[in-house]
Amino acid sequence: MQIGVIGLGRMGGNIVRRLAKAGHSSVVYDANPAPGAALAKEGATAVTSLQSLIETLQAPRTVWVMLPAGKITEETVATLAGLMKPGDTIIDGGNSNFKDDVRRARELKPKGIHYLDVGTSGGVWGLQRGYCLMIGGDTETVQRLDPIFSTLAPGLGDIERTGNREALDPRAERGYIHAGPAGAGHFVKMIHNGIEYGMMQAFAEGFDIMKHRASDKLPADERFDLNLADIAEVWRRGSVVTSWLLDLTAAALAKDGQLEAFSGNVEDSGEGRWTIEAAIEEAVPADVLAASLFVRFRSRQQHTFAEKVLSAMRLGFGGHVEPPKK
């Protein structure tokens, strides 16, 4: 299939590359011409404007927007809406607030333009591992674009299959789902990221406690000088806390056991806040997720080893670079 891709950063560029490996063709645009030029050398068609992108694509057009949530995505979707024709499709694959998706889909419907929101997880590793996709939008459009989603998703891989799934959607096993109508995809991805905050915080606090077990404030015979890199590694091998986040932690500690390169200043990209807002709207208690978000706020005032562990994980899965150590 042919697809347009706007935003060629860490994930957008690799989405184009993964699609190309499966024979799909891409027309690409970025405000910075350099990544487009690089992808053109790999077979993509690079253009210099949104107008050119729409003119180059064959009808019905599909354009994947992979930009930061907020103003830039809002303006891009609005511009595309003025250029595209009935039957065309806009996909927002970034991390927009699901309420914005609901509104955009409602506004685009009278124009005959389809709108899908695709929560995309996989970070900088998506090219090799594939992307976990959570899709919102109308069923017909999702089914029509299945070749794109199937290519981007990880596939069955070597993960042990779950029993009793015979009557359930087989796409979930391959790493992508149609979550529901417009907004549902980003809502599920938002909750995913909120849970991610809590999981990261649990690892971070645990390693912080172990690091401080050698404190001279403790009785001498209760002090342990623990090798955190070895502990992270052994936990990867058959323990119940085995996970990709633990893999990233083990890799960071093996490289630098004190994580000296990290400041401990941990940013948040918005989804954690929106998750807590949703919990408040629904009157659902979310103690762990709320606490993990507030820790990130505190980290910008004072830092602990736990925050360095959080920063190491964020760099590992998403290439997120925290403010430099002062």
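Strand 4 (residues 62–65) pairs with strand 5 in the parallel sense, over four bridges. The model is a predicted one. Across this pairing, W64 stands opposite I91 in strand 5. How does the chain get from strand 4 to strand 5? It crosses through helix 4 (residues 71–83), and this β-α-β crossover is right-handed.

Now turn to strand 6. Strand 5 pairs with strand 6 (residues 114–121) as well, again in the parallel sense and over four bridges. Here D92 stands opposite D117 in strand 6. Strand 5, helix 5 (residues 98–108) and strand 6 together make a β-α-β unit, and that unit is right-handed.

Look next at the side chains of strand 5, which spans residues 89–92. T89 and I91 point one way from the strand. I90 and D92 point the other way. Are these residues buried or exposed? All of them are buried.

Another stop is helix 9 (residues 184–211), where E196 has its place. E196 is buried, yet has no salt bridge. Which side chain of opposite charge is nearest to E196? It is R296, 5.3 Å away. What does E196 contact, leaving aside its neighbours within four places in sequence? The contacts are with L245 and F317.

Note on methods: Residues numbered from 1 in each chain as written. Predicted model: local features only at pLDDT ≥ 70, side-chain atom pairs only at ≥ 80, totals over all residues. Heavy atoms only, no water. Buried < 20%, exposed > 50% of the residue type's maximum accessible area, 1.4 Å probe, protein only. Helix = DSSP H or I, 4+ residues; strand = E, 2+ residues; numbered from the N terminus. Pairing = 2+ DSSP bridges. Right-handed = clockwise from strand over helix to strand, strands pointing away. Lys, Arg positive; Asp, Glu negative; His and termini not counted. Salt bridge = Lys/Arg side-chain N within 4 Å of Asp/Glu carboxyl O. Contact = heavy atoms within 4.5 Å.
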